[in-house]
Amino acid sequence: MPHVSLAIELAPDRVAAARWSRTGSLDGYAVESLPPGALVPSAVETNIVNSAAVKAAVTSVCERLRSRDEDVAMILPDTVIRVFVQHFEDFPRSAEEAVPMLRWKLKKSVPFEADETVISFMRQAPRESGVEVVTSLARLRIIREYESLAEGAGLRPGVVLSSSLAAISLLEEEKPTLLARVSGSTLTTAIVRRGVLCGYRCTELPAYGANLTPQMLLEEIFPVAAYYQDTWQETIKSVRVAGLGTRLPEFIPPLEQEFGCEVRSLVSSAISDGRIKDDARPLADRELEGLIGWMMQRG
C-alpha cells in the first residue's frame, strides 16, 4: 500500500485531514464540521447530499494544510466499504485470477452488481491450513464521489480504505482483541489476533446517541464474538471501544461482565500503552483514530 503523507477522513459530521513529515511525525492537521445530513454514508445511494457544504469543508482543510497537487489517502465511512474475511483451501497467486473469483464468490453478499464493483484483497496468516483472505468491496460510483472531492481540491487519490480498517492499527496484536467502534448510527465490530483480522461486521444500530443502550450494543457485537469463539476455540481477551465519547463509563461494566475481560477506550489504551506518539496527541484528543491508524500504518 502506498504510504502517502497526506490523508483526509470523511465522516457524517466532519472532514478531517492530517499531514506527516518524512520522519513520520505529525506535520499538521485540520478539522471542519459538516451540517447535519450533508454526508450520508451508504454502500449504494448517493453519499454527498449537500455537495457545496462538503466541498467547502474539503477545500478548507486542504488550504489550511497547504495541500495541492499531491497524492492523498481517502479514509471513508465504514458503511461505504464492505469487508469480508474468507478461508480458502487454494487461492490463485495472481490478481488476474483472484479478482474474478472473489467477484463471483461475493456477488450475492453485496447490494450492487459485480461489474460496478471496485475490489481489493490481501492474504493473511491462516488459522490452520489453506489461505485466509481479507477482501474489501465498494460500489465504484460511490468511491468516485469521494475521489472527486479530492480531485476538486487539486489532489490525487492514491489510497482508499475504511475508517475502522485504518483504526485497527491502534489495537495490541498479541491477545484476541475485540474492537467496537460507533460512528453515528453505525457500529463496526472487528476482532484482531496477532495481527490477523479474524472477524469483521458493520451494522446499523437500532438507536444512537443518547438513545443507545449497553444492551443494544451487546446484541450487535455478540454475533462476531460468538463466531470467533466457535471458530478459534478461545475467548476474547480484551475489548476496545471507540465513538461513545463521555458515555463510555456507562458501557464498561456490562461489557466487562459479558466478556470477562478488561474494557477500555481504544485511543486512551493506545496512548497509555505507548503506541501513539506524543506528536499525534492532538489527533487523539479529537478522537480521530482513523487518521492516527493511517499514520501508524505508514510507520
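The chain exposes about 13900 Å², of which carbon and sulfur atoms supply 48%. These values, like those that follow, were computed from a predicted model. Of the 299 residues of the chain, 53% count as buried, and the C-alpha atoms fill a box of roughly 50 × 45 × 40 Å along the principal axes. The radius of gyration is 19 Å, which agrees with the value near 19 Å that a compact globule of 299 residues would have. Nine helices and 13 strands were assigned in the chain. Among contacts with a separation of 6 or more, 64% are accounted for by residues 24 or more positions apart.

The largest nonpolar core comprises 67 residues, and the members that touch the most others are I8, L10, V54, V58, Y146, L197 and W294. Helix α1, spanning residues 51-64, gives the most to this core, with six residues. Apart from this core lies another, of 26 residues, which includes V182, V196, W232 and I236. For L197, once residues up to four places away in sequence are set aside, the residues touched are V83, V85, Q124, V134, L165, I168, A190, I191 and V192.

Strand β9, formed by residues 177-183, is mostly covered, since six of its seven residues are buried. On one hand, β9 is joined by seven bridges to strand β10 (residues 186-193), and the two strands run antiparallel; on the other, β9 pairs with strand β12 (residues 238-242) in the parallel sense, over five bridges. Residue L178 takes part in both pairings, with I191 as its bridge partner in β10 and V239 standing opposite in β12. The hairpin of β9 and β10 has two residues between the strands, and within this hairpin G184 adopts a positive phi near 65°.

The side chain of S163 is joined to that of R181 by a polar contact of 2.7 Å.

Beyond residues up to four places away in sequence, L212 touches L205, A207, L217, L244, R247 and F251. By contrast with these contacts, the C-alpha atoms of L212 and V118, which lie 94 residues apart along the chain, are separated by 33 Å.

Methods. Residues numbered from 1 in each chain as written. Predicted model: local features only at pLDDT ≥ 70, side-chain atom pairs only at ≥ 80, totals over all residues. Heavy atoms only, no water. Core = buried A, V, L, I, M, F, W, Y, C linked by side-chain atoms within 4.5 Å. Buried < 20%, exposed > 50% of the residue type's maximum accessible area, 1.4 Å probe, protein only. Helix = DSSP H or I, 4+ residues; strand = E, 2+ residues; numbered from the N terminus. Contact = heavy atoms within 4.5 Å. Polar contact = N/O pair within 3.5 Å; in protein donor to acceptor, adjacent residues only side chain to side chain. Rg over C-alpha atoms; globule rule 2.2 N^0.38 Å. Areas by Shrake-Rupley, 256 points an atom, 1.4 Å probe, with all protein chains shown as cover. Pairing = 2+ DSSP bridges.
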